[in-house]
Amino acid sequence: MLQVVLDSAGLDAKTCAGLLGISPTVFAEWSAGQRSIPESMIPLLSAVFSVPLEFLRSPKTAKREKPEDLTPAIWFKFRGPELVDADRECVVLIRQLGHYLNELESVTRNRSLQWKTLFESIRSATDLQAAPREQGRSAARMFREGTALGHGQKGSGEVLRGLLRSLGVLVFETPLKESRMEGCSFYVGAQAASRPCVFANTHHVTWFRRNMVLMHEVGHAIFESAYVGASVDFMDKEENSEPLEMRAQAFAQECLVPKSVLIHIAQSNGIKWTNLSARSLALLVADTHVEQRTVVDAAVEEGLVQPEMADELKRIDIAKELHEISEHALSTEEYLERFGPDAEQWVGKRTTTLSPRSLRLPVGYVNSVVEAYKNCQISSGKAAEYLVIDRSEFIERFGDIYAEAEE
Amino acid sequence: MPNPAILVCDSDALVQFFLSNEVRPFRHLRDEYGIQPAITQEVDLELRWLGKHKDRFVAQLEKSLKSGVLRVLDPPYFQSLLGSAPVGASWAGFQSLGAQYEGHIHRGEAYTFAAAVTLGMPALSNDFSAIKTSEANFLNLPTPVLRAFDLLAFCHQSGCLDLKACNEVRSELLKNKEGMPKAFMNSSFEDGLPNFAPRLRDGANPSATTNAPTFSTTLYISEI
């Protein structure tokens, strides 16, 4: 059963074993049905590979099915030729962390399912016969009204991740050097406890761009990811005329830079739309928290800038000005230099070391794990497992709350 | 009180014996005291791929299993122990308890503690964090939970290991940056022993205490 899924998804059994921290020999025997899988491992494997529990418990049931009837929808999406091993391995690890997050939240009794009601109400109120961009804009307005985004007229990049997390969405940003994937969204966790996950590749992608990528993926998660397995977006696809992409893009733009935000930021900085300089564009980018081309596109759409000016405005080099104005334009080294040792608190503490592919875990996720440990809800061994690091490394990074008590 | 039939061992304690290539304590328990060292399927799995050590202990594990020094607590073996287990004990109950513990502590410890609690047997684990977390979350603990050094001290007391062998284990653990009780951190085995309160002793219990046993209650066992 497992072997069928691995083959159809283009996943290597040995790599998967390494990612899940299981002996490759044992994993190969499980995959081939030569050894039964302990009951304790079944929920994790089921959540990661999207395979029904009963198929893992009794592989004979699965043998009666055709291979194409066994392959979960998500793996159809991730076996495409545009995707590399790094993408699939990253998805395996993220799905594992999604399972861990569900476990952690059930122990801390801190599960948020707000995304469910919000996504459902947006879906049911959206006219799916309307033009894709209009669907996206209308969904974005509902999203802003239904969350804290609608309460302010400032850029929302700094609160975005926390907001999505509070809705129960898993937000993942990590560098994937070999990958062309810019972002993707899919659902993680066992069927009964699934949640949306949005991913952004941080390799050579600015924070401003990533805000857009994440919200674009939220757009996909609302409308399609649950039904088609996953949505995947690539770096080099500038303009995509696919209706689903147009809808997701319009959703992201309207969520992050609606007209009211553009006007407020321009007014508070004394910016004249008819006379945009590198400095004023940098101010707009710094305050809206989205990249230059998104600011220009939004301004054109809202009638604040003439369409014929768009290309010229997009070509203005604002790097120097933005670097001076916004801390989000700084590299990690520059940031540490400017803000001193206090900023180092999280450096190197979010990286997984036990998996063959190293990932940078979300701050919120790491915080939740460490807090649960400090509240004595989970042991150091459990916390280390959740952070995919060794137990001694966990103690080194976050301290031992029981050091004094131990005999 | 008769000797317990098994000692449910966790990977962190077993690793300390594997690192120092010293499995005589387990054989001693089995042959002289009739206590079979056992591991859950989860610990078996863990020892076959253990974090930074990866598959380092597979050969030693296989050898121990083959020689019967260790035995996997699989369903048939578990069922065979139910005769002396508390009323209501079952494989399904053990699995369900293990899953409950696993929400709070690592899988190996979770199923080790769950098996020991279900069967009413002692456990072997060095994970103090798992013990304190279980306590904080009102999860029952095995009585007692022995540490690797309890077994080492016991083997010295009962003449299975001489001082040299015990000091070699200690040195090997220090070399591998393994944790150990404070009494032995900066003292040789013989110097640390007077400051260490062992949880496993040979002989009859000298005090007929009525206190409810805890994870740190001393277990007295007798040669068969």
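These legends go with a set of close-up views of the structure.

Before you start: this is a predicted model, so local features need pLDDT of at least 70, side-chain atom pairs count only at pLDDT 80 or more, and totals for chains, interfaces and linings use all residues. Residues are numbered from 1 along each chain as its sequence is written, while chains are lettered from A and ligands numbered from 1 in the order in which they are written.

**View 1. Here are the two domains of chain B.** Domain 1 of chain B covers 6-146 and domain 2 covers 149-221 (the bounds come from an automatic or database domain assignment). Taken over C-alpha atoms, their centres are 19 Å apart. Where they meet, 19 residues of domain 1 of chain B are in contact with 23 residues of domain 2 of chain B (in contact: C-beta atoms, placed from the backbone, within 7 Å). On the domain 1 side, helix H1 (11-19), helix H2 (24-33) and strand E5 (145-146) of chain B each give two or more residues (helices are DSSP runs of H or I with at least four residues, strands are runs of E with at least two, and both are numbered from the N terminus). The largest share, 4 residues, is from H2(B). Sorted by class, this side holds 12 nonpolar, 5 polar and 2 charged residues (nonpolar: Ala, Val, Leu, Ile, Met, Phe, Trp, Tyr, Cys and Pro; charged: Asp, Glu, Lys and Arg; polar: the others, Gly among them).

**View 2. Now look at where chain A touches chain B.** Chain A brings 24 residues to this contact and chain B brings 29. In chain A, helix H9 (85-108) and helix H22 (380-386) each supply at least two residues, and the largest share, 4 residues, belongs to H22(A).

**View 3. Which residues of helix H1 of chain A are buried?** They are Leu2(A), Val4(A), Val5(A) and Ala9(A), in a helix made of residues 2-9 (buried: 20 or more other C-beta atoms within 10 Å of a residue's own, with C-beta atoms placed from the backbone). Looking down the axis of H1(A), you'd find them within an arc of 165 degrees, so they line one face of the helix (the arc uses directions from the helix axis to the C-beta atoms). Just after H1(A), Gly10(A) has a positive phi of about 70 degrees.

**View 4. This is the open sheet of chain B.** Its 5 strands run in the order E3-E2-E1-E4-E5, with parallel pairing (two strands pair if DSSP finds at least two bridges between them). Strand E3 (71-72) and E5 of chain B are at the edges with a single partner strand each, so one side of each has no neighbour in the sheet. Ile39(B) sits opposite Val72(B) in E3(B).

How values were computed:
Contact = placed C-beta atoms within 7 Å. Buried ≥ 20, exposed ≤ 12 C-beta atoms within 10 Å, placed from the backbone.
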